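Student: Can we go through this one together? I'd like to start with the overall fold and then look at single residues.

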Amino acid sequence: MKEFRVLLTSINHVKDFVTAASMCSCDIDVTSGRYTIDAKSIMGLFSLDLSKPITIHVLGTEQEAAEFYNAVKSVVCE
């Protein structure tokens, strides 16, 4: 499992993030506070507080995690 944080500041960031997650065959969870949702759910993402960074958990192989990370690295918080 790989964990990192992202900041989705626009609707386009959210759409691009969900598209990248949907192309990944493994499960990806998004955690914000006490809520955990599926990263492939655009409605779920919009139900979270996106004004703060959210935590991403990629539940797949190292290769799948690296591919997803590279697909969304423009919104990754270091």
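Tutor: We'll take the overall layout, then a few residues; keep in mind that this is a predicted model.

Student: How many helices and strands are there in the protein?

Tutor: The secondary structure comes to three helices and five strands. From the N terminus on, the elements run β-α-β-β-α-β-α-β.

Student: What share of the residues is buried?

Tutor: Buried residues make up 40% of the 78. As for the surface, the protein exposes about 4700 Å², and carbon and sulfur atoms supply 52% of that area.

Student: And the contacts, what share comes from residues 24 or more positions apart?

Tutor: Counting contacts with a separation of 6 or more, 67% are between residues 24 or more positions apart.

Student: Switching to single residues. Where is Ser 32, and is Ser 32 buried or exposed?

Tutor: Ser 32 is in strand E2, which covers residues 27–32. Ser 32 counts as buried because its relative accessibility is 15%, and the cut-off for buried is under 20%.

Student: Which residues does it touch, leaving aside neighbours within four places in sequence?

Tutor: Ser 32 is in contact with Leu 48, Asp 49 and Ile 54.

Student: Let's stay with Asp 49. Which residue forms a salt bridge with Asp 49?

Tutor: Lys 52 does, with the closest N and O atoms 3.5 Å apart. The structure holds one salt bridge. Side chains of opposite charge can pair when their charged atoms come close.

Student: How exposed is Asp 49?

Tutor: Asp 49 is partly exposed, at a relative accessible area of 37%.

Student: What about charges over the whole protein, how many positive and negative?

Tutor: There are 7 positive and 10 negative charges, and their mean positions are 7 Å apart.

Student: Last one, Glu 62. Which element is Glu 62 in, and why does Glu 62 count as exposed?

Tutor: Glu 62 is in helix H3, residues 62–72. Glu 62 counts as exposed because its relative accessibility is 60%, where exposed means over 50%.

Student: How far is Glu 62 from Met 1 in sequence and in space?

Tutor: They are 61 residues apart in sequence, and their C-alpha atoms are 7.4 Å apart in space.

Key:
Residues are numbered from 1 along each chain as its sequence is written. This is a predicted model: local features need pLDDT of at least 70, side-chain atom pairs count only at pLDDT 80 or more; totals for chains, interfaces and linings use all residues. Side-chain values use heavy atoms; hydrogens and water are left out. Helices (H or I, at least four residues) and strands (E, at least two) are DSSP runs, numbered from the N terminus. Buried means under 20% relative accessible area, exposed over 50%, partly exposed in between (1.4 Å probe, protein chains only). Contact means heavy atoms within 4.5 Å. A salt bridge is a side-chain nitrogen of Lys or Arg within 4 Å of a carboxyl oxygen of Asp or Glu. Accessible areas come from the Shrake-Rupley method with a 1.4 Å probe; for residues, only the protein chains shown count as cover. Lys and Arg count as positive and Asp and Glu as negative; His and the chain ends are not counted. The place of a charge is taken as NZ of Lys, CZ of Arg, CG of Asp or CD of Glu.
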